[in-house]
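Here is a short report on one protein model. Please look over the sequence and the structure before reading on.

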Amino acid sequence: MNSGGMKQEAAGPRGRRAHRPREQDRDVQLSKALSYALRHGALKLGLPMGPGGFVPLGALLQLPQFRSFSAEDVQRVVDTNGKQRFALQPGDPSTGPLIRANQGHSLQVPELELMPLETPQDLPLMLVHGTFWKHWPSILLKGLSCRGRTHIHLATGLPGDPGVISGMRPNCEVAVFINGPLALADGIPFFRSANGVILTPGDADGFLLPKYFKEALQLCPTRKPLSLAAHEETECQSACKHSSRGRRMIQQ
């Protein structure tokens, strides 16, 4: 009796997962595969990439990892992606429909349709980069880095703010606010992507130095200002980890 009850109880979570729409699982799988192919892997995969980062959808769907998907599946993922990561256009008869990632490339993409932001008035009032505690000590010392991509990504607000659809992961733990006009005055360019993300290649070494940080904010578990002094924040990070570990032990 008890063992039967335990089996039934253990099967409960699996049963709930089984009821998750299969189409949603496939869409997540397709979105991840598109992100890799269009942002990073097009050349390795043998996809012809034209101006603006577009590749023929037909050629993409011929790759083994996409053969279980249709053009309709891709259209649905493009239309429903909350962060507007991808764009489709008709193309011409020789290529058929074309698809691209709007930003996030590690590949050099010519003519990506980035809008230059050339004056302080062009810049959004808020420029903020989201990151995690494990990266924070290095960021305080060295600044923000492209980290293998062509640009550093900046959002125009915090997660949950109206109009903010992309540019920062919703689970980020630290927000770094950037003094855009100061960086612009020092010759660091800024651009706006098709889905509203603000992009910058940083300086000649691919960094946005700490001197361009206006302020920083801890995002979780509660929001509170952070010091921009490296040694103080290292201590804060350690204290936050110990506090989190202590809460987990109490809960156990």
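The report covers the overall fold, then the largest pocket.

## Overall fold

This is a predicted model. The protein has 252 residues, and 38% of them count as buried. Its secondary structure comes to seven helices and 13 strands.

## Surface

The accessible surface of the protein is about 14400 Å². Carbon and sulfur atoms account for 54% of that surface.

## The largest pocket

What is the volume of the largest pocket? The value is about 870 Å³. The pocket is lined by 33 residues, and the closest to its centre are H129, R147, R149, H153 and R169.

By class, the lining holds 15 polar residues, 10 nonpolar and eight charged.

## Where the lining comes from

Which element gives the largest share of the lining? That is α2, with six residues. The helix α2 spans 22–41.

Several other elements each supply at least two lining residues. They are β5 (128–131), α5 (136–142), β6 (144–145) and β7 (152–154).

Both domains take part in the lining of the largest pocket. Domain 1 covers 25–101 and domain 2 covers 114–226, and each gives at least three residues to the lining.

Terms used: Residues are numbered from 1 along each chain as its sequence is written. This is a predicted model: local features need pLDDT of at least 70, side-chain atom pairs count only at pLDDT 80 or more; totals for chains, interfaces and linings use all residues. Side-chain values use heavy atoms; hydrogens and water are left out. On a 1 Å grid over the protein atoms alone, a cavity is a set of points where a 1.4 Å probe fits but cannot get out, and a pocket is an open set with protein on both sides within 12 Å along at least five of seven lines; lining residues have an atom within 4 Å of a point. Grid points are joined across faces, edges and corners, and a volume is the space filled by probe spheres set on the points. Helices (H or I, at least four residues) and strands (E, at least two) are DSSP runs, numbered from the N terminus. Ala, Val, Leu, Ile, Met, Phe, Trp, Tyr, Cys and Pro count as nonpolar, Asp, Glu, Lys and Arg as charged, and the others, Gly among them, as polar. Domain bounds come from an automatic or database domain assignment. Buried means under 20% relative accessible area, exposed over 50%, partly exposed in between (1.4 Å probe, protein chains only). Accessible areas come from the Shrake-Rupley method with a 1.4 Å probe; for residues, only the protein chains shown count as cover.
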